[in-house]
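Here is a predicted model to question. Each turn asks for the grounds of a label, and each reply sets a value against its cut-off.

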Amino acid sequence: MSVLFPSGSARAAEGADVCASGGLAEARVSTSVAFRHDDYAYTKIETDLTVSVPASWKLAKGLLLGRESRAYVNAMTCLTGQSQMWSDLRPSPPAVTTKGDRVKVTYKASSWVNWYLPSTDVGVWQVRGQADIWTVTLNPPPALERSRWDKVTADPGPRGFDTAKPPPSAKAEASKLVWRQKKATHSAPSVAVSLRPSWGTGCATAGLAAARVGTNVAFRHDDQTYTKIETDLTVEVPAGWKHANALLLSRESRAHVNAMACLTRQSQGQQTPRWSELRPNPPVITTKGDRVKVVYKAHSWVNRYQTDIDVGIWQVWAEADVWTVTLKPPPALEGSHWDRITVDPGPPGVETAEPPPTAKEEATKLVWRQMKASAPLAAPAVTVSLKPSWPRLWAAQNNRLTAAVLDALGGLLWTLTISGLLLRAAVLYRQRPSIPAAREKLALRNLELWAVTVVALYLLVRVDDLMRQYVEEHSDYWIDDALLRGHVFALAAAALLCSFAKPPRSIWVAGALLMLPPLVTMTLPETFGLCGSCEGPWTASRLALAMQATASCSLLALTILGFVAVAWRLSVDAELLPKSRRRTPSGQPRDRKLKLRIAGPAVVAWTLLVALCAALTEERNWQRATWLSDRWTDKYGEKHLTDFIWESVWSASYGQQWILSYAWMLTSVAILAVLRTWRASTQAPLDDRADRLLFLTFFPTAVAVGDFRLDNGLVEVLWIPVYMLALYAAVVPLRGRAVLEQPFDGPERSLAEGLGAGARANLMKRARTYREIHAELRRLDQGLTGDKTPERAKLERTLDRLHNWPTSGPPTGTNPLPESVSVVDAALALGPKDNWWENGVRGARFAMVPGLPAAVLGAWSGSVRGEAWQDTFTDLLGLPGTVLQILYWMSTWVGAGFVLGALWRILPGRRGATKALPVAFAFALPLALDALFGWFTQEGATNLALYASTMLLVLTVTGISLDLDTFHAERRFWQSRLGLLLSVYQMRYYSLQVAYLIGQVIAVISIWKFFAEPSATPPDGDK
């Protein structure tokens, strides 16, 4: 950057009296401009201007004075037309000579083309650069407009000009155009030309004529939602190429970036970020002899409709019924030797291919080869169209507004269905004849309010997304518009959460403070540089980034705080949480309150952790997407800052949607609250119609595994009745085989009627005696009685007495237990507690132990294993989302443990491992149907087998734990729980249970090792 003349100079065009332009009518002018593409990092512009003015011109004498004099400055300003030339570089000051009655001025300057700048002024020429075309315009100084322009020349370089106006008078050398002044004409020509440079800048393309190039692209359609595009490019360049050595330098060096851009991109400098292109590894660069070999591999997905998908040197365009694949060779390699080009479209093959391929390999792969080895082959314009199966065509259109509406509709139907079931259950509870207690009223009212609130929350979140997508497709999308729309919906959702929760005053104050930053940024965007629609160009600033990041973090923290407050209210109102140590004046323990000093730091810490992970991920994504951009310019830094500002704007809505996607957990808590307070005194929750409806609704809400097919939730609502019916069908038809459903030998009365709550102590005592007698009998059989006389008959008579159960009413007497049921079987059938709710709670607690490693396994398989880690590390919320995935799976396993415990008394089988089978079957049946649906849509389903086998393992361990807990009163008499378990199960059953567990563990490991593999997905939130 250099200043041509002092800034105090006046522009010649401001007045004819300043430049005395009348005296310049006899001036003779010539100028030229030339573009030098090779041997430079950027295209160099060289220009000169020669003006011969009559000595009689008023300012002619000023040209002969010192260059610092005001007269000289004014005269030179008149002849060049500008007072400041920031982009000009001059090899030397303008040369001024005299000859006869004329003064001659020769002014030479040079500059560079930066296509990302609006324009570049050099001499009397102006260049406007874009990514693929440059426009060059002659801007004659106003004082010379009536002078005689003898010759104007423009040299674009090897490829020539695209257009030229007015038509040139002649063409010199290879591509130089010349305009000459017609006689008796005194006016400056309006020269305007355009050119397409041979390649970005400075690639020394002549040195690449001997390069050898090969590339291929393949489409992988099966076992994944989106078609995966895999491509590679192999280039062998001669060691004599100017940039060959730069390929061997650090990948962070500017020379290496420019060299790689020459070989893989359409231009140098600032690249369009490729957000969806992923590279498994950096390009591999090796040397052999006098050649340098570059292997560049990349992949992406066909997941955008009517949008250019660039991956490697290929471009894919997806329509509703056909996809077009086009080879986009880098201009620097157009004259190189293209050895082999292959396209593998996958089944069913290609529809059209231009030019015709030279060969076909395997089933569908097409090949283009060099025809004559003696002549270089320019890159052929390969264009292929393919028509994949309908599932891949459908999935590729998920970025359309129509698809987004259908997805939102599916989610709304799911939410409305669950809310409708909750409200129907509330009606059934209110129809009970008994007068509800205060806790019952409170829990049921919360359930009804939450059923309505969750629908409103869903609408706020999804309508915001749909409106944003509509505005992006149909009008300009300004940053302040995005702030206003996104923050209004986000604040409304957060306010709705807090209004439902009714937290203490301190939480309200904290929530109000968190609302301030988003309110300020959306009402006063111009104050913080966030007003894109205001007058003048919008420029990113660090103040804008800091303020918007603060606002987004505040909204996220506010949403989390509201989420926690809702969960707290639902739990406390139903006494799901233990009481506080503080007591009321009447001596009753108080409900626990949500304390800001505990919740506040936890929410802030989690919010900062999420923000830090998002910032690091976005920085990684930016570096990946712009790895071949020129990072050493101010423009790059400005775009980098702009990207972060936009991401912070979008994250306000995106982060809230992420948190509220776990609202099903709050719905599950609301269901448990009502089940606890309103439960009927029955054997199982399926015996009362209100409990039955709410309990069956709990299963798809808390235990079901959500898996959108074709990445669209339109039919997700169908899984609600499937899971409910699966649980009902797995339990009710087999209820007659449950131990407590068996009748006594005698009166037509089931064991459940005879073994009431008061019979537990007697039953536990008899069960212990039964086990001790059987242990004694085993010793008798083995001859281990010592000096004692065998008393088998006495022991057997004792067993007979244990088998007779006293009647609970007149006439007095005993009823024998069924012949196939022992007192131990009856004790285990009761479970560890006296009612189904407490048995369910015990089952949920015991499921936590095997559930934790199972949750880690589920999160690992879905977020880390195989190619899943790429999605995790490109999603802004991928890392914290993995943590919440563990919470998701823990909730699933714990919810299943609750279902097992609640249904314990009516499940078939005598041991916990057997009782776990119906619940595991109810979980696995919908997964099997989902896998069948996945086969129909040609998507992967291998992880479903892993989930089903893991559920069986978790429930089996939980069932065994419930069996053990049934005899918890005897725990102090045994050295370990293993000894107690051996005593309860006896040797035969114990061996079977151990073998059964080991078999399940082996099955899970086998599925994990050989079958389970997550389906690779595109980066979330692709820009």
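Q: What counts as a strand when P348 is placed in the loop between β20 (337-344) and β21 (350-354)?
A: A strand is a DSSP run of E with at least two residues, numbered from the N terminus. P348 lies between two such runs, β20 (337-344) and β21 (350-354), and is therefore placed in the loop.

Q: What makes the peptide bond between P347 and P348 stand out?
A: Its omega is about 10°, and the bond is cis. Most peptide bonds are trans. E354 and P355 are also joined by a cis peptide bond, with omega about -10°. P355 sits in the loop between β21 and β22 (359-361).

Q: Why is the pair of W889 and W893 called stacked?
A: Two values decide the label. The ring centres are 5.3 Å apart, within the 6.5 Å limit, so the rings pair. The planes meet at 20°, under the 30 degrees that stacking requires, so the pair is stacked. W889 and W893 are four residues apart in helix α21, so about one helical turn separates them.

Q: How do you know that W889 and W893 are buried?
A: Buried means under 20% relative accessible area. W889 has 3% and is therefore buried. W893 has 1%, so the label holds there too.

Q: What makes the pair of W889 and Y947 tilted?
A: The centres lie 4.6 Å apart, which is within 6.5 Å, so the rings pair.

Q: What makes C203 and C262 a disulfide?
A: Their sulfur atoms are 2.0 Å apart, within 2.5 Å, so the pair counts. The angle about the S-S bond is -95°, and the link is left-handed. C203 is in the loop between β12 (192-195) and β13 (212-220), while C262 is in helix α3 (residues 254-264). C203 has 2% relative accessibility, under 20%, so it counts as buried. C262, at 0%, is therefore buried as well. By this rule the count comes to two disulfides.

Q: Why is K593 called exposed?
A: The relative accessible area of K593 is 62%, over the 50% cut-off, so the residue is exposed. K593 is in the loop between α9 and α10. Its C-alpha atom is 8.3 Å from that of W568, a residue 25 positions away along the chain.

Q: Why is E575 only partly exposed, and what else marks E575?
A: E575 has a relative accessible area of 28%, between 20% and 50%, so it is partly exposed. E575 lies in the loop between α9 and α10. Its phi is positive, about 60°, although E575 is not a glycine. Most residues other than glycine have a negative phi.

Q: Is D223 buried or exposed?
A: D223 is at 54% relative accessibility, over 50%, so it counts as exposed. D223 also has a positive phi, about 65°, without being a glycine. This residue is in the loop between β13 and β14 (227-238).

Technical notes. Residues numbered from 1 in each chain as written. Predicted model: local features only at pLDDT ≥ 70, side-chain atom pairs only at ≥ 80, totals over all residues. Heavy atoms only, no water. Phe/Tyr/Trp six-rings, centres within 6.5 Å; stacked < 30°, edge-to-face > 60°. Buried < 20%, exposed > 50% of the residue type's maximum accessible area, 1.4 Å probe, protein only.
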